[in-house]
Amino acid sequence: MESHCGVGAKPRKVRSIGMNTSENKSAGESDPPLWATVNHDDRALFDQQLKSFVPPNAFDAHAHLWRVADLGAPPPALTAAGPREVSREIYDQRLSQWMPDRQPTGGLFFPFPTRTLDIDAANAFLAEQLKTDPNSRGLMIAAPSQDPAEVEQQIVQNGFVGFKVYHLFASRTDSFDARNEEFIPEWVWEIAHQRRLAIMLHLVLPLALAEPANQAYVRSRCEQYPGAKLILAHAARSFCGHHATDGVSALRGLDNVFFDTSAVCEAEAFEAVLKTFGPTRLFFGADFCISEMRTRCVNLGDGFLWLNEVRPDFSRSRFAKPTLLGLESLLALKQACRNQHLTDSDVEEVFCHAARRLLDIPLNFGPANRHPPDVQAVYREAKKIIPGGTQLLSKRPEMFAPGQWPAYYREARGCEIIDIEGRHFIDFSLGGILACILGYADPDVNAAVIRRVNLGSMSTLQTSDELELAKLLLEIHPWAHNARCTRAGGETMAVAVRIARAFTGRDKIALCGYHGWHDWYLAANLPDAESGEKADQLIGHLLPGLAPRGVPAGLAGSVLTFRYNRLEELDAIIAKHGPELAAVVMEPTRQTDPAPGFLEGVRERCDALGSPLIFDEISIGWRLCLGGAHRKFGVTPDLAVFAKALGNGFPIGAVIGMRETMQAAQESFISSTFWTEGVGPAAALACVRKQKSLDIPAHLARIGSLTIEGWQELGRKHNLPVKTPGRPEMAQLAFEHPEATALLTLMTARMLKRGFLAGGAFNATLAHQPRHVAAYLAELDEVFAELAEAIQKGDIASRIGGPVKHTGFARLT
């Protein structure tokens, strides 16, 4: 609260701060006690509106303990109104009155800051209060006047988990105008970074986090000191709710910033945090003893007002029943959680688990709490009822580290993923299988999707977004005249092949690369119709061992393959089947650039045959150039196919092409109900517009190059046989070693323990920043050291702790 540390206020007498709940004054009196007596209306409010919302075993991430003697003279009125010593016992007594059966079972405590505080004595009192409380932790007061060496010694001796910094310790009269540098010495950040401690910051300046100076300070320090854990008190001091709306989004992408709910009474502030960072970054905080006042803070223009400052006469209102600030804040939090559609387990993150995880406190589960699921047990259950375990081969845990890789996530933002156990990972693996070029949960794409969902995503009609998307794609690709939309990559390729066959009246396809799971593609692996010999024509086209079981035998010989940059192999197909070719289907590139004249040669041959050239841009999809790789290489197809990155994680696909070819779509039945839903086009419009406004390929190349260079350097350092084939935008890591697969599995298993999803491929996104690469390589340095040792000792597989990863399609048992 803004005025709770004021100096010179006259102390007020309080009659009871313990379990006595008798009413000595009515709620409507003009001069109520600062520590309000909990009355029947307060308890009824909690029982009727909040008890079912607040889970048991809550953790309070913002509460004060103090001795009045340590505060200096005169003490703030609020502290003088209570007992001489405010202990853990007093805290428990008070919160049990207005949170009956839901009072916190642990908390993050710190002294009450004043200008004249005896800091050493206050910190010592806090340490004494917490030394027998294994469920709580303490933050010591830190100020510029302290000696950093002595502070670090106190951290060690007293087990403090971080620092509480406060503007009152700035050397100016009006500290609300103080810059953060004036009261947060740099050594606080340095110690917090080195020891991975928390810093709780009460922002000042008039607009709090909406102030550009505060945004710049928080971002710069969090990036410079990634080991520090910054907790922005009072939801970044968002007593005016729209200060959070304007400011929180500016911190998007920071991995080490958190927020508490203390004393904030506007749901808008909590919603801003939940939208941007999710429930694992927002901690319940009661702000004891501020919580004991009958007041609330309200938005007022571009600021806020505490009702106790104007002393309204509530007795004149028929409906106003002022309650405790702690209850007002809980009501706002409940509304925010409801507006953001949080589940009970999400709410438990806010109240019970998130802060405990941050502070390395064992999670406290009572009989009424939901235990986070065991991700490996859930996947074992899935394999019993879902053939193949997952819906996508590339997401099978067996492709990474069987028995260790987490199959399921609960949240994904930027490049961070939180699994269903609540573990946080930075994704240095497949990036949503290339589907999220902007990073997970991009705010602009999500906003467009949420708007469409709220307005209705499906009806008897379709949205005009599909027309706008078609026009946008054709604007980027002037060579194309028509477009059709689908919802997934594999089916979009099937549509393109159908169009080509309808256009030419021919059946055979010459192809190069990977193009999905449909019959037309897997027919390449059918046994030869005449000899009966088994075929694996798709080996070397990304995935080996794609069995064509279930594909009609009559399709044998309909698909003929050639390898990338092998024009002579295409010529051999043409020599035998040229007049039968309905199309040449290929990826314009994946990991290798086209040899001079290769794509041009394919184009010339298609022209000569009258066979459409279809470029599958689904995987490389816009990573090299806005609109696709073919624009970078200057070769125009007859049809181009997009999916994955087109919608940044939302289902959308598109075929664009020249009018003559595309009009054949009207001669063949190509139709699907869910190609008319509204989410996909809304997402694609937002995604493509954002890609037009930014040079995303350059960013991906930079991040990928930093990663590849790091792999190579660490390989040399540890004498590991590292290979880095491919391009930065789709980086690949391999080992030239007989047990290469086991080495990758061991690397993945060890990086999981260090908070990274990592394997033999890394697909960068817009959300990845150089600091993520640096953190990843720092952890990989130690892992590579172990890999080198394992090679030397010959015990690679025995170190993994589970089976070696799979390398292709295989039946699961």
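**Figure 1. An open sheet of four strands has mixed pairing and the strand order S13-S14-S15-S26.** The model is predicted, so local features require pLDDT of at least 70 and side-chain atom pairs count only at pLDDT 80 or more, whereas totals for chains, interfaces and linings use all residues. Residues are numbered from 1 along each chain as its sequence is written, and side-chain values use heavy atoms, with hydrogens and water left out. Strands (E, at least two residues) and helices (H or I, at least four) are DSSP runs numbered from the N terminus; two strands pair if DSSP finds at least two bridges between them. Strand S13 (409-413) and strand S26 (756-758) stand at the edges with a single partner strand each, so one side of each lacks a neighbour in the sheet. On average, neighbouring strands of this sheet are turned by 30 degrees against each other, direction ignored.

Figure 2. Ile418 has His424 in S15 as its bridge partner. Helix H26 (residues 740-753) lies across S15 and S26 and runs at about 165 degrees to S26. Axes are lines fitted to C-alpha atoms, for helices over the stretch in contact, and angles run from 0 to 180 degrees between N-to-C directions.

**Figure 3. Ala407 occupies the loop between helix H15 (375-385) and S13.** With a relative accessible area of 25%, Ala407 is partly exposed; buried means under 20%, exposed over 50%, and partly exposed in between (1.4 Å probe, protein chains only). Beyond its neighbours within four places in sequence, Ala407 is in contact (heavy atoms within 4.5 Å) with Val375, Tyr379 and Pro397. The C-alpha atoms of Ala407 and Asp419 are 8.1 Å apart, with a separation of 12 residues in sequence.

**Figure 4. Helix H24 (residues 679-693) is mostly covered.** From its first C-alpha to its last, this helix of 15 residues reaches 22 Å, close to the expected 21 Å, the expected span being 1.5 Å times one less than the number of residues. Of the 15 residues in H24, 12 are buried, among them Val679, Pro681, Leu685, Cys687, Lys690 and Gln691. The cover over these buried residues includes helix H16 (443-455), helix H17 (465-476) and helix H25 (696-718).

**Figure 5. The axes of helix H5 (residues 148-158) and helix H7 (residues 186-195) cross at roughly 35 degrees.** These axes come within 11 Å. Pro148, Val151, Glu152, Ile155 and Val156 of H5 make the contact with Trp187, Ile191, Gln194 and Arg195 of H7.

**Figure 6. Phe163, Phe259 and Phe351 touch the most other members of the largest nonpolar core, which has 108 residues.** Such a core is a set of buried Ala, Val, Leu, Ile, Met, Phe, Trp, Tyr and Cys residues joined through side-chain atoms within 4.5 Å. Setting aside neighbours within four places in sequence, the contacts of Phe163 include Met140, Val151, Ile155, Val188 and Ile191. A second, separate core of 48 residues includes Val495, Ile499, Tyr521 and Leu546.

**Figure 7. Asn123 lies in helix H4 (residues 119-130).** Asn123 counts as buried, at 0% relative accessibility. Not counting residues up to four places away in sequence, Asn123 touches Pro111, Met140, Ile141, Gln146, Gln154 and Phe160.
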